Amino acid sequence: MKEILQSLIPNVLNIKEELILGIYQTLTMVTVSGTLSLVVGILLGVVLVVTRKNGILENTRLYAIIEKIINTFRSIPFVILIALLIPVTRAIVGTAIGTKGAIVPLIFGTVPFLSRQIENALVEVDKGIIEAAKSMGSSPLEIIFRVYLREGLPGIIRGITITFISLIGLTAIAGSVGGGGLGDLAIRYGYQRFQTDVTIVTVIILLILVSIVQAIGNFLIKKISH
């Protein structure tokens with residue numbers, strides 16, 4: 001078996017410790033930035049829904065401000081966003097390179113996307129249910145938790161699944177510009193040193209991670225639907 005692996009992926013075997021570290025760094029970036037993005041993204045998504053025109057807490061001025069900020073960050077390519085946020089990243093975590101330095105731009109790149117996914121999921125909630133909750137005297141907070149978040153849960157999970165898959169891709173981009181992880185390995189060894197087997201293995205690992213996230217999302221949606 002060892003001989004077969006040596007013939008197929010010789011360069012990967014030579015950097016197996018770095019590969020393990022790269023997987024750990026990628027998982028760290030996805031977990032930390034994903035968790036923080038989840039909290040902020042859901043909050044902004046809810047605010048967008050309730051403050052829009054005819055929303056339960058209509059505030060078109062606040063909605064317009066948040067929407068413009070989200071649209072602005074969504075329109076900036078992630079590689080440029082990393083460079084743009086260097087002063088902010090250094091101020092928050094003390095460095096703009098490595099795994100720690102990648103987390104801040106990953107959050108800024110993920111939150112706008114996730115907030116839109118959450119908004120789209122909550123907008124689809126049956127307005128009749130919302131009106132019924134209002135007529136029964138439910139407060140805006142009760143409507144948010146008992147109607148919007150509960151009824152929109154399948155759509156929310158779909159949005160979160162799509163976002164985490166996108167986030168895995170962003171970690172690879174972050175790695176290519178000094179963020180560490182599998183993207184860093186693919187660039188340093190696969191691209192710069194022409195070690196194709198390293199590129200192939202990193203891509204396979206990323207595909208496995210994406211498949212795991214998608215499988216978890218599908219399982220949760222199926223569970224909720226039943």
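Okay, some housekeeping before we start. The model is predicted, and local features need pLDDT of at least 70, side-chain atom pairs count only at pLDDT 80 or more, while totals for chains, interfaces and linings use all residues. Residues are numbered from 1 along each chain as its sequence is written, and side-chain values use heavy atoms, with hydrogens and water left out.

So, the overall picture. The protein chain has 12 helices and zero strands; helices (H or I, at least four residues) and strands (E, at least two) are DSSP runs, numbered from the N terminus. Along the principal axes, the C-alpha atoms fill a box of roughly 70 × 45 × 25 Å.

Now the helix packing. α10 and α12 cross at roughly 175°, and their axes come within 9 Å. Those axes are lines fitted to C-alpha atoms, for helices over the stretch in contact, with angles from 0 to 180 degrees between N-to-C directions. That makes α10 and α12 roughly antiparallel, the word for angles over 145 degrees. Contact here means heavy atoms within 4.5 Å. On the α10 side the contact includes T161, F164 and I168, and on the α12 side V213, G217 and L220 are among the residues. By class, that contact has 14 nonpolar, three polar and one charged. For the classes, Ala, Val, Leu, Ile, Met, Phe, Trp, Tyr, Cys and Pro are nonpolar, Asp, Glu, Lys and Arg are charged, and the others, Gly among them, are polar.

How do α3 and α9 sit relative to each other, then? Their axes are 12 Å apart, at an angle of about 100°, so α3 and α9 are roughly perpendicular, a label covering 65 to 115 degrees. V46, V49 and V50 of α3 touch I144, Y148 and L149 of α9, and this contact is six nonpolar residues with no polar and no charged ones.

On to aromatics. Rings of Phe, Tyr and Trp (its six-membered ring) pair if their centres lie within 6.5 Å; planes under 30 degrees apart are stacked, over 60 edge-to-face, and the rest tilted. The count comes to one pair. F73 and F108 are tilted, at 5.5 Å centre to centre with 40° between the planes. F73 belongs to α4 and F108 to α7, 35 residues apart, so to speak, linking distant parts of the chain.

Last stop, pockets. On a 1 Å grid over the protein atoms alone, a pocket is an open set of points where a 1.4 Å probe fits, with protein on both sides within 12 Å along at least five of seven lines, and lining residues have an atom within 4 Å of a point. Points are joined across faces, edges and corners, and volume is the space filled by probe spheres set on them.

The largest pocket holds about 260 Å³. It is lined by 13 residues, with I160, T161, F164, V213 and I216 closest to its centre. α3, α10 and α12 each give at least two lining residues, and the lining has 10 nonpolar, three polar and no charged residues.

The second largest pocket is about 220 Å³. Of its 14 lining residues, R52, N54, G55, K127 and Y148 are closest to the centre. α8 supplies the largest share, four residues. This lining has seven nonpolar, two polar and five charged residues.

Conventions: Parallel < 35°, antiparallel > 145°, perpendicular 65-115°, else oblique.
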